[in-house]
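Here is a quick tour of some local features worth a look. Have the model open beside you as you read.

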Amino acid sequence: MKNRTLKHFLIYSFALLMLIQWGKLAVSEAGPGLYLEVNAGRQARQNCVVSFPLPEQFRNQKHLTLFRLDNKQEIPVQISQVGEQKELVWIVRELLPAGATRKYQIMTGGAGTKQKEKVTVSDDGEHLNVKVADKPVLTYNHAIVKAPRRDEAYYDKSGYIHPLYTPSGKVISDDFNPDHPHQHGIMLSWRKILFEGRENNGWDQKSQLGKVEHNQVNSFTGGPVFGSFTTTIDHIDLTKKSGPVTMLKETWQVRVYALDEEFLFDIRSIQKCATDKPVTIDKIHYGGMTVRGHADWHGADAYNYLTSEGKNKLNGNQSRPAWVEMYGRLGDETAGVAILDHPGNFRFPQPVRLHPTMPYFCFAVASLDPFIIEPGKTFESRYRFYVHDGMPDAERDQRLWEDYAHPPQVKVISAP
């Protein structure tokens with residue numbers, strides 16, 4: 001009897017091991033779980049980011065396993081904390097045709113394997129460096145980067161992204177360019193601010209009326225689906241006789257996705273008054289979320305823009321597109337960086353400043369009218385960035401914007 005029991009135990013153990021090894025263990029046997037269905041909606045999805053509010057029964061779980069039911073494939077999944085809301089995030093990599101659905105099961109244990117950290121975020125004491133599959137994507141400068149000319153120390157800068165890389169490793173952004181040394185990679189600054197009755201300028205540091213600088217790194221992490229970091233940035237008034245005063249506290253939430261043939265990342269900016277006084281962003285035709293392109297793009301024929309409306313640097317300035325791409329030659333090849341404007345943003349679609357003779361553009365939300373950031377309220381802006389090698393493709397950019405603006409719908413279903 002004992003030998004028979006031992007024999008049955010060994011057979012069961014071997015069978016269980018083989019099922020785990022080949023990924024065939026029924027997910028319902030692996031632990032508490034539920035079924036999810038992803039609906040592609042009106043367009044096909046591929047390499048598309050999917051997110052879903054974390055169900056209540058998983059709130060205390062640190063590791064979850066996601067299985068695609070049609071092929072029993074384990075899909076990397078990651079938990080994201082966005083404010084007080086937790087989300088499940090994964091990437092639909094294989095083509096999901098328009099109108100089609102795909103079913104998954106999320107569970108707390110079982111055949112799940114340890115997921116490899118594909119996106120890494122490291123802090124070297126001065127910068128946060130983000131890589132995907134060991135390819136550099138971007139660097140956030142939290143230490144002061146000194147201006148090349150020390151008689152222009154007012155240009156010293158922190159709290160911005162540079163360098164920004166293409167997937168082939170080329171730097172696509174610029175910093176401290178002699179023609180406009182106050183423009184830095186990817187930055188967010190306001191050109192004309194009214195605070196306590198005084199005019200302030202956080203854009204052009206030479207004015208010495210204001211500045212924007214990094215305050216602290218709040219958190220950073222890598223993962224199998226995305227790497228992220230959160231920082232605090234101060235917008236400082238330099239005009240007060242009693243000394244500098246912080247007007248706005250800004251939080252950057254940056255998330256870089258695990259795509260290495262093209263780079264995709266989000267920046268969510270949340271601005272709040274730092275005092276009990278309101279901050280007015282006055283009307284002007286530039287300022288806001290900005291990208292400064294590579295120094296090689298100087299010259300009338302060295303760079304151009306492509307917008308969702310099919311416009312360029314000759315006719316796109318102060319238009320209101322859903323997305324803008326800036327592109328040009330880097331070495332022997334063309335490369336580009338696009339910013340996608342989220343439909344939840346203030347004054348969407350936001351006007352854009354497309355400079356006609358130098359490679360920079362910004363979403364210039366203040367070009368329409370002044371607006372006020374009130375104490376106790378937040379001013380939130382969301383943008384997705386797409387960086388690639390090769391020529392721009394309007395259909396691809398529009399597909400990426402649709403993925404961002406109208407992502408696939410996810411719902412809980414009772415059974416597959």
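In which strand does P163 lie? P163 sits in strand β11, residues 160-164; strands (E, at least two residues) and helices (H or I, at least four) are DSSP runs, numbered from the N terminus.

## Ground rules

This is a predicted model, where local features need pLDDT of at least 70 and side-chain atom pairs count only at pLDDT 80 or more, while totals for chains, interfaces and linings use all residues. Residues are numbered from 1 along each chain as its sequence is written, and side-chain values use heavy atoms, with hydrogens and water left out.

## Cis peptide bonds

Another cis bond joins F348 and P349, and here omega is about -10 degrees. P349 is in a loop, the one between β23 (333-341) and β24 (352-354).

K72 isn't a glycine, yet its phi is positive, near 60 degrees. You'll find K72 in the loop between β3 (65-68) and β4 (73-75). With a relative accessible area of 39%, K72 is partly exposed; the scale runs from buried (under 20%) through partly exposed to exposed (over 50%), using a 1.4 Å probe and protein chains only.

D134 is another non-glycine with positive phi, this time about 70 degrees. The loop between β9 (127-132) and β10 (135-141) holds D134. At 68% relative accessibility, D134 counts as exposed.

## Salt bridges

How many salt bridges does a search of the whole structure find? It turns up 22, taking a salt bridge as a side-chain nitrogen of Lys or Arg within 4 Å of a carboxyl oxygen of Asp or Glu. As a general point, side chains of opposite charge can pair when their charged atoms come close.

Take R149 and D151, whose side chains meet in a salt bridge at 2.7 Å, N to O. R149 is partly exposed, because its relative accessibility is 49%, and D151 is exposed at 54%. Then there's the salt bridge between D234 and K249, at 2.9 Å from N to O. That pair links distant parts of the chain: D234 belongs to strand β16 (residues 226-237) and K249 to strand β17 (residues 245-257), 15 residues apart. D234 is buried at 6% relative accessibility, whereas K249, at 32%, is partly exposed.

Helix α2 (residues 394-405) carries both D403 and R399, four residues apart, or about one turn of the helix. These two form a salt bridge, with the closest N and O atoms 3.8 Å apart. Is D403 buried or exposed? Its relative accessible area is 4%, so D403 is buried. R399, at 25%, is partly exposed.

## Cysteines

C48 has 0% relative accessibility, so it counts as buried. C273 counts as buried too, at 14%.
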